[in-house]
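Hi,

Here is the model I promised to pass on.

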Amino acid sequence: MRTWQNTEEFEGFLNAGGVVEPNDAMPEPYRQAVFRFIELHANSEYMGGLTERDWIPKAPGLHRKLTALAKTQDEIGHAHLLYMVAADLGIKTREEMMVDLLEGRTHFHNVFHYRVHSWTDQIAVAYLVDAAALASQQAVFKNCSYGPYKRILRRVIAEEGFHMRNGEEMMLLMAHGSSTQHEMMQESIDRWWLPAVQLFGPDSRPDDELLRWHIKSERNEDLRDRYVQKFVPQLLACGFTIPDQGLEKDPNDGKWKISPIDWEPLKQTMRNGGPDSARRISDARNAWNNAAWVRDALTNQPAAT
Amino acid sequence: MTITQEALDEVRVAVAAVRDPEYPDLNIEQLGILEDVIPDASGIRVDLIPTILGCPALATIEQDVLKAARAAGYEVNVQFCVSPVWTPDRISDDARQFLADEYTIAIRPRSGPTQCPVCGETSLQDRSEVGPTACRSVKWCPDCRNPIEVVRSRQGANA
């Protein structure tokens, strides 16, 4: 167990690339910040897994069903690992985290607050949203100061990379398919572009504690900018348009600039007031209640009637 | 058409370098997925062994093998074999080390108990039979307090 005299000494350790382990006497504000960050990630993996699950019966063909099944298992498995590490921080038990999520007291990423209307929506999620999530996870991994979280992220990133490849492959199929397929894909891009660029969150505050404590390594606006530079040309090359009237290429530096984002609707969404939040949370609650007998069986308690 | 040993060797070298979709730093030879490259009735056949039945990465691996062979100038057939059965013993020693160091993934050793890749602890606690992928189970290390994923074998013994 390592101990630090004060915040300055602890921050010096982090700035020198130090990695904090569970048995260390970490400062309480750091423990709280790491916990909140991992809990949000775990909740998002869990809610994402349930969305993916919805598409197992609806995915076209056996191969796509197999992929949807495997992705569901990935996301739920990631949530499982993350909840283990979050619970170990000693702030909430796993059950408390689940109940808080299902009662709407805690949060999950914006992208799981919207309805997935069609198969091409699901492709847009796999291609645009998974890529945004992967980019932000890679940035966390690069310089993450909490050891157990960093180790999970290493595997999460490898698996999400496989999802992204799958999303890209399905998107290309639609892009080069019939005109109906192309139009359907365009409609889905129109619905999911803004949620994807919003996933990175509003511009980071100068005093962001997550950056100071090396929980995150890059500012939200930098990640978003890199994402825009990569995905705008890819979408245009596939013959799609970007649903942003103000999008333009800066003649000075040749970089794509998106319109300013109105963050007010997102704030509402993140407080579980998004278009599909209530249905999704109630769906998760049903999944939790339907599995009560499994938890009871595991703990040898007679099932409540 | 006669298939020369040289052709088989060239295909073997080309397809051995195909990376696993879920462990992009490792190739299919290191993971023991590549079984053999042999002549068959229609030409050259590449035999692969899935780590687990129903693995969602098989189609991707197949495409990548075809592409790698084509880049070396050969058209091949890919066959997924049900025998021999894949076991963690097929993973090469360098890949074992890499999985432990980089991914915190443990593999049941050929003898003795499974060790925590982080701290070496041997009394790992069971958490779930399958993890994010069907080929790994999840354990908890009570010493360094890390979740550990352990590659499963189809014999069911994953301790």
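Predicted model: local features only at pLDDT ≥ 70, side-chain atom pairs only at ≥ 80, totals over all residues.

Residues are numbered from 1 along each chain as its sequence is written, chains are lettered from A and ligands numbered from 1 in the order in which they are written, and side-chain values use heavy atoms, with hydrogens and water left out.

**Helix H7 of chain A**

Helices and strands here are DSSP runs numbered from the N terminus (H or I, at least four residues, for helices; E, at least two, for strands). H7 of chain A covers residues 179–198, and its 20 residues should span 28 Å at 1.5 Å a residue; the end C-alpha atoms are 29 Å apart, which agrees. That expected span is 1.5 Å times one less than the number of residues.

Where does H7(A) kink? Look at A:Trp192, shortly before the proline A:Pro195, where the kink is about 40 degrees. The bend is the angle between axes fitted to the seven residues ending at a residue and the seven starting there.

A:Trp192 and A:Pro195 are also among the buried residues of H7(A), which include A:His182, A:Met185, A:Ile189 and A:Trp193. (Buried is under 20% relative accessible area, exposed over 50%, partly exposed in between, using a 1.4 Å probe and protein chains only.) The cover over the buried residues includes helices H5 (119–142), H6 (147–175), H9 (220–237) and H10 (264–273) of chain A.

**Where chain B meets chain A**

Counting contact as heavy atoms within 4.5 Å, 35 residues of chain B touch 25 residues of chain A. The two chains bury about 2500 Å² between them, 52% of it from carbon and sulfur atoms; buried area is the accessible area (1.4 Å probe) lost on putting two parts together, summed over both. On the chain B side, B:Pro56, B:Pro132 and B:Arg145 lose the most area to chain A, together 25% of what that side buries.

There are 6 salt bridges between the two chains, taking a salt bridge as a side-chain nitrogen of Lys or Arg within 4 Å of a carboxyl oxygen of Asp or Glu.

**Salt bridges within chain A**

Over all chains the count is 39 salt bridges. One of them pairs A:Lys142 with A:Glu218 at 3.0 Å, N to O. These partners are 76 residues apart, A:Lys142 sitting in H5 and A:Glu218 in the loop between H8 (209–212) and H9. A:Lys142 counts as exposed because its relative accessibility is 54%, whereas A:Glu218, at 14%, counts as buried.

A:Lys255 and A:Asp225 pair up at 2.8 Å, N to O. A:Lys255 lies in the loop between strands S1 (248–249) and S2 (256–257), while A:Asp225 is in H9, 30 residues apart.

A:Glu264 and A:Lys267 bridge at 3.1 Å between their closest N and O atoms. Being 3 residues apart in H10, A:Glu264 and A:Lys267 are separated by about one helical turn.

Cheers
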